[in-house]
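Subject: Structure handover

Hi,

Here is the structure for you to look at. My notes on it follow below.

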There are 2 protein chains.
Amino acid sequence: MTVIPIPADSLFGVDNLPYGVFSTDGTPARVGVRVGDHVVDLAAALDDAVFAEPTLNAFMAEGRARWDAVRARIADLVTGDVADDAVHAVTDVTMHLPIAVADYVDFYASENHASNLGRLFRPDAEPLMPNWKHLPVGYHGRSSTVVVSGTDIVRPSGQRKAPTDAEPTFGPSLRLDIEAEMGFIVGAGSPMGGSIAPDEFADHCFGAVILNDWSARDIQAWEYVPLGPNLGKSFATSISAWVVPLQALEAARVPTPAQDPTPLPYLRGDQDWGLDIDLAVEWNGDTVTRPPYAGMYWSPAQMLAHTTVNGAAASTGDLFGSGTISGTEKNQRGAFIELTWGGAEPVDVAGEQRTFIVDGDEIAISATAPGANGGRIGFGEVRARVLPAHTD
Amino acid sequence: MTVIPIPADSLFGVDNLPYGVFSTDGTPARVGVRVGDHVVDLAAALDDAVFAEPTLNAFMAEGRARWDAVRARIADLVTGDVADDAVHAVTDVTMHLPIAVADYVDFYASENHASNLGRLFRPDAEPLMPNWKHLPVGYHGRSSTVVVSGTDIVRPSGQRKAPTDAEPTFGPSLRLDIEAEMGFIVGAGSPMGGSIAPDEFADHCFGAVILNDWSARDIQAWEYVPLGPNLGKSFATSISAWVVPLQALEAARVPTPAQDPTPLPYLRGDQDWGLDIDLAVEWNGDTVTRPPYAGMYWSPAQMLAHTTVNGAAASTGDLFGSGTISGTEKNQRGAFIELTWGGAEPVDVAGEQRTFIVDGDEIAISATAPGANGGRIGFGEVRARVLPAHTD
């Protein structure tokens with residue numbers, strides 16, 4: 001038996017206990033929980049077949065009462081003796097995509113980001129559209145290209161046309177960018193014809209991850225009217241490997257910024273679901289921006305309420321992104337197109353002047369939040385290297 | 001043993017042989033093929049476990065060589081004696097959603113439709129966006145609300161704001177509409193980082209269905225800038241129960257209309273994948289419009305090539321819609337917003353003047369195409385009744 005050591009400053013103490021899917025050499029992918037610098041194999045430690053599954057979906061579908069019961073049991077377990085063969089060093093495991101993604105929706109919930117992008121994409125118009133403060137604007141993305149942290153990203157090719165070009169050309173994206181976001185995962189769904197009120201959020205949302213919504217700005221700018229982004233985004237979306245349970249975020253809950261005009265009743269609730277999460281974006285090892293989630297205009301509870309208010313079903317494994325997180329300051333902007341103002345204001349990255357992503361660059365987004373014990377909890381990171389475009 | 005009767009004018013002769021998922025009272029859903037007015041239980045008739053699955057996905061994943069072999073075997077089977085217990089009258093079975101939908105993308109490939117909608121949604125601007133003739137514009141929709149023909153559709157509620165309203169209001173959509181489309185189903189996918197050229201279409205596309213992209217025009221008009229349609233569409237998409245194999249559409253293949261400017265090389269192929277399919281839309285039993293698929297500007301082979309050219313994965317069960325099919329004539333327009341010009345020109349429906357859908361209305365879209373034997377083949381229909389909005 002082993003007592004798992006938890007360093008005093010660990011972001012993975014018993015107030016966190018995020019779930020992930022891992023394997024060791026030659027063993028199948030299964031569910032584990034992270035404790036300090038170790039992974040506890042839940043299939044082995046709890047002797048429960050739901051954790052022998054290769055995704056969290058079966059467990060997530062069991063609902064909130066079961067999530068609470070399992071979390072309490074794990075907290076007991078990992079503060080006592082754990083069977084040796086159920087404990088692995090985090091450096092000895094391979095992490096896998098933790099969920100089978102059902103529908104994926106990406107929102108646009110930062111007022112600073114929406115305003116900045118509006119100025120960059122539509123310089124002659126009002127930056128914020130008239131609907132923006134009335135509803136959380138979002139669109140559906142491609143589920144099959146959601147990948148886990150550590151997966152290399154191949155630069156996409158597509159049609160690009162600068163305003164000064166006469167015709168579009170085809171080739172590798174010249175303006176490859178990131179969007180630093182948080183992602184939220186639906187555990188317990190709702191049927192077609194039903195809806196999820198903002199105050200029912202915790203009964204349906206299982207947890208949160210860091211999300212990088214890779215964006216080819218040149219492809220996006222040419223394609224996106226009138227039906228929204230498609231190939232400029234659909235090539236890849238990366239998420240972090242550890243799903244932080246919603247229960248671990250109690251101490252991070254804050255009010256959203258004041259919402260004026262007052263949202264329609266279906267978007268109102270008594271519970272605060274703003275979240276005080278701090279993100280940091282590393283570009284080749286240099287921290288270039290620190291987006292603060294607490295400033296997001298729309299809460300994830302409002303996003304889920306909006307998604308389902310028309311009777312659309314919510315499913316176990318649905319993933320929704322917050323949209324790029326940008327604060328009021330330049331060094332809080334969560335996308336390079338904003339940080340460099342469309343490429344006009346390069347930033348220093350490890351001694352080089354940079355605008356968009358160069359082949360071989362490595363991007364890592366990390367995030368932390370206040371924990372229940374007065375310290376902080378971590379989401380880990382979403383990290384990826386960018387490889388050159390395929391050429392046929 | 002039974003010889004299955006096939007009426008001389010049947011749309012379901014041996015040149016069609018569409019696949020579906022059916023059940024009879026108290027039996028599990030399984031794969032069948034339609035022959036005349038009967039359904040042949042393939043799990044029973046071919047003694048193959050892949051047809052005992054509750055969707056076509058496992059069979060579709062086996063790929064083109066297997067699709068060809070099974071089709072040849074079925075053609076032999078159904079022209080001879082078939083075991084009695086493998087044959088059911090089509091009136092005795094319940095049809096189910098034939099596929100587990102992976103990613104769902106909806107295109108916008110009719111020049112007439114895109115121009116008409118442009119005039120209606122953006123009366124002060126050029127109706128066709130500058131990108132429209134360079135790429136098949138499309139967006140991702142909600143997979144979890146794709147339902148089979150016969151499923152009732154509940155009128156969605158959401159935010160609506162007419163240009164003359166000061167503020168949006170919440171309530172049932174007042175401008176509920178259809179979009180008559182064809183849907184195409186990916187059988188054999190391609191991995192992330194790969195792509196599917198237009199001339200590789202038949203190796204990947206399993207077959208086609210009729211698709212009704214239900215649309216709440218008032219919700220859509222308010223929400224869709226700048227990221228495209230979301231709740232105006234995500235409440236429901238209906239598809240027909242029978243998947244017509246691509247092999248059955250050989251005689252329907254025609255060139256697309258001339259494409260000017262010439263598309264970029266990745267959108268060009270030597271094969272014609274325009275399709276001479278005739279649709280008809282019944283509104284409470286009255287045929288109100290007959291959209292011709294042959295006029296669609298972009299082919300489904302071009303749509304799939306575009307979807308994957310950035311390295312996005314294609315998956316077994318991916319569904320993509322053509323977008324509303326509208327011909328040059330008023331009585332060929334595939335959406336009521338076009339047919340009634342935004343509600344300004346009501347049409348006669350069973351003796352009543354109608355613009356948008358009224359609770360209790362029943363919509364049925366049918367389609368036929370030339371078959372290999374000189375006659376016609378049928379897609380069946382996608383039929384649904386509209387129920388009143390839920391009120392809480």
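First, a term: helices (H or I, at least four residues) and strands (E, at least two) are DSSP runs, numbered from the N terminus. With that, R122(A) is found in the loop between α4 and β9 (138–140) of chain A. Please note that this is a predicted model.

**Annotated positions**

An unreviewed UniProt entry gives "binding site" at Y108(A), R122(A), Q220(A), Y224(A) and T324(A). From this set, R122(A) and Y224(A) are in the lining of the largest pocket.

R122(A) has a relative accessible area of 16%, so it counts as buried, the cut-off being under 20%. Beyond its neighbours within four places in sequence, R122(A) contacts Y108(A), L117(A), P127(A), M129(A), Y224(A) and P226(B).

Q220(A) sits in helix α6 of chain A. Its relative accessible area is 6%, so Q220(A) is buried. Leaving out residues up to four places away in sequence, Q220(A) touches F121(A), S215(A), P229(A), G232(A) and K233(A).

**Helix α4**

Helix α4 (residues 111–121) of chain A has these buried residues: H113(A), A114(A), S115(A), N116(A), L117(A), G118(A) and F121(A). Their cover includes α6 (217–223) and α8 (336–339) of chain A.

**The sheet**

Chain A has an open, antiparallel sheet of five strands, ordered β6-β4-β3-β2-β7. Its edge strands are β6 (87–89) and β7 (94–96). Strands β3 (residues 30–35) and β4 (residues 38–41) of chain A pair over four bridges. In one of these, V35(A) partners H38(A). Helix α3 (residues 64–78) of chain A lies across β2 (19–23), β3 and β4, at about 65° to β2(A).

Best wishes

Key. Residues are numbered from 1 along each chain as its sequence is written. Chains are lettered from A and ligands numbered from 1 in the order in which they are written. This is a predicted model: local features need pLDDT of at least 70, side-chain atom pairs count only at pLDDT 80 or more; totals for chains, interfaces and linings use all residues. Side-chain values use heavy atoms; hydrogens and water are left out. Two strands pair if DSSP finds at least two bridges between them. Contact means heavy atoms within 4.5 Å. Axes are lines fitted to C-alpha atoms, for helices over the stretch in contact, and angles run from 0 to 180 degrees between N-to-C directions. Buried means under 20% relative accessible area, exposed over 50%, partly exposed in between (1.4 Å probe, protein chains only). UniProt positions are given in the numbering used here, feature names are shortened, and annotations may be inferred rather than shown by experiment. On a 1 Å grid over the protein atoms alone, a cavity is a set of points where a 1.4 Å probe fits but cannot get out, and a pocket is an open set with protein on both sides within 12 Å along at least five of seven lines; lining residues have an atom within 4 Å of a point.
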